[in-house]
Amino acid sequence: MSIYQEFGVRTIFNLAGTSTRVGGPVLAKEVADAMVNASQHSVDMTELQASASEYISKITGSEAAYVTAGASAGLTMAAASILAGLDPAKMEELPRVKSNKNQFIISREHRSGYDHAFRLAGAETVDVGMNEILSGAGVRRTEAWEYESAINERTAGIIYVATENSEPPIESIIDIAKKHNLPVVVDAAGQLPPRDNLRIFIEKGADLVAYSGGKAIKGPQSSGILCGKKEYISSVAMQSLDMDEFFDIWNPPFNLIDKSKITAIPRHGIGRGFKVAKEEIAGLLVALRMFIEKDIESEMEKCTKFLAIISNEIKSLNSDKVSTNIILPKNTEQYPILNLTSTTLNLFDLSNKFKNDAGLFLNETGLNDNHLTIHPMNLSDENIGEITSSLKNQLNEFMSKGI
Ligand SMILES: *Cc1c(COP(=O)(O)O)cnc(C)c1O
């Protein structure tokens, strides 16, 4: 019996991918064991974050790093660290920024619900560019000069949301930022794999980069990484950790916080509500180690095989109402996906049936384009048989009802 049954909730199959709605990844046994192990000992949380900083920084090439409560929390703390620096008085004020130097420039194309993460710390987002390709009224995307023309005395930083086809190129934004002495925060929450992306943004000169720990790293769902310049990470630590300390006897590890730069200890900061448990930090570190050490290409080949099994079973229904298509990624470190495509079936209703009748949660991102997508990250030798036959049966039932 699963712990979920004990408390009256069904377990489901997460075929949607890294989605938060369905709890993110199923953890590797090693990660779960690390969390149990961590739970049985006590540690000084500042020392634990400092050692996490050292471990993560070796991987990312950053000066320092902090384990955050997810990438979204990482973005809030990135803004908080830029807005307050190492000044306890400014930390105390957030989300108010008395100086009014709180604007972060962001391309309209990069905006999403995650803007909220920045605003939470007191940042004001200022959009630049046009969405003229989507509006059908133009051919160009946001350009670097548009960022530059928005810079003024209230500008505190630049936000860059990384995707495989983000525009303008990050190099051009970092050049402008450096010229105006402004920090660049990169939201790279979902940009793993490929694993090179753990280093690339820091290498290019980004000041802070946020990753999700609960997506493809397969760490605890509420974990994340914020890495970058030490001064900002120190500020994140001071605004996140339990700060009920006495200044004279407060001795934070130097690699996380250089005490000689601090004049006083702030009270609990804006990150206090994003606390990360020792178990989550341990889980994230082990998940990250496994992520960088594993034979990821073989894992992706195996994922492709799982998707082929599902695809073949669906094809065996011999229906002309639905087709299957495995989409291989450009980079061999990335996940393949399987699209179920239909222009005759109501895929919204089908997705609902999958969820309600069999606990099969597929990725619904493509519903408006007539497909439902299966993401393979949680498929395994143990569950592939049950999932495949359940998908096939549900689909067959749905089609035989003549819907
Ligand atoms: C997933 C995601 C986030 C949030 O990450 P969490 O780790 O779930 O907090 C932020 N930005 C983007 C672009 C994302 O895809």
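A polar contact is a pair of N or O atoms within 3.5 Å; within protein, one must be able to donate a hydrogen and the other to accept it, and residues adjacent in sequence count only if both atoms are side-chain atoms. Before you click around, note that this is a predicted model, where local features need pLDDT of at least 70, side-chain atom pairs count only at pLDDT 80 or more, and totals for chains, interfaces and linings use all residues. Residues are numbered from 1 along each chain as its sequence is written, and side-chain values use heavy atoms, leaving out hydrogens and water.

**Stop one: the ligand**

Select the ligand, then show T20, G70, A71, S72, Y114, D187, A189, S212 and K215, which surround it (each has a heavy atom within 4 Å of it). Now zoom in on S212: an N or O atom in its side chain is 2.6 Å from a ligand oxygen. Over at D187, a side-chain N or O atom sits 2.7 Å from a ligand nitrogen. For A71, look at the backbone instead, where a polar atom is 2.8 Å from an oxygen of the ligand.

**Stop two: a helix pair**

Next, select residues 29-39 (helix 2) and 278-293 (helix 12), whose axes come within 8 Å and cross at roughly 150 degrees. Helices here are DSSP runs (H or I, at least four residues), numbered from the N terminus. Axes are lines fitted to C-alpha atoms over the stretch in contact, with angles running from 0 to 180 degrees between N-to-C directions. So helix 2 and helix 12 are roughly antiparallel (the label for angles over 145 degrees).

Key: Helices (H or I, at least four residues) and strands (E, at least two) are DSSP runs, numbered from the N terminus. Angles under 35 degrees count as roughly parallel, over 145 as roughly antiparallel, 65 to 115 as roughly perpendicular and the rest as oblique.
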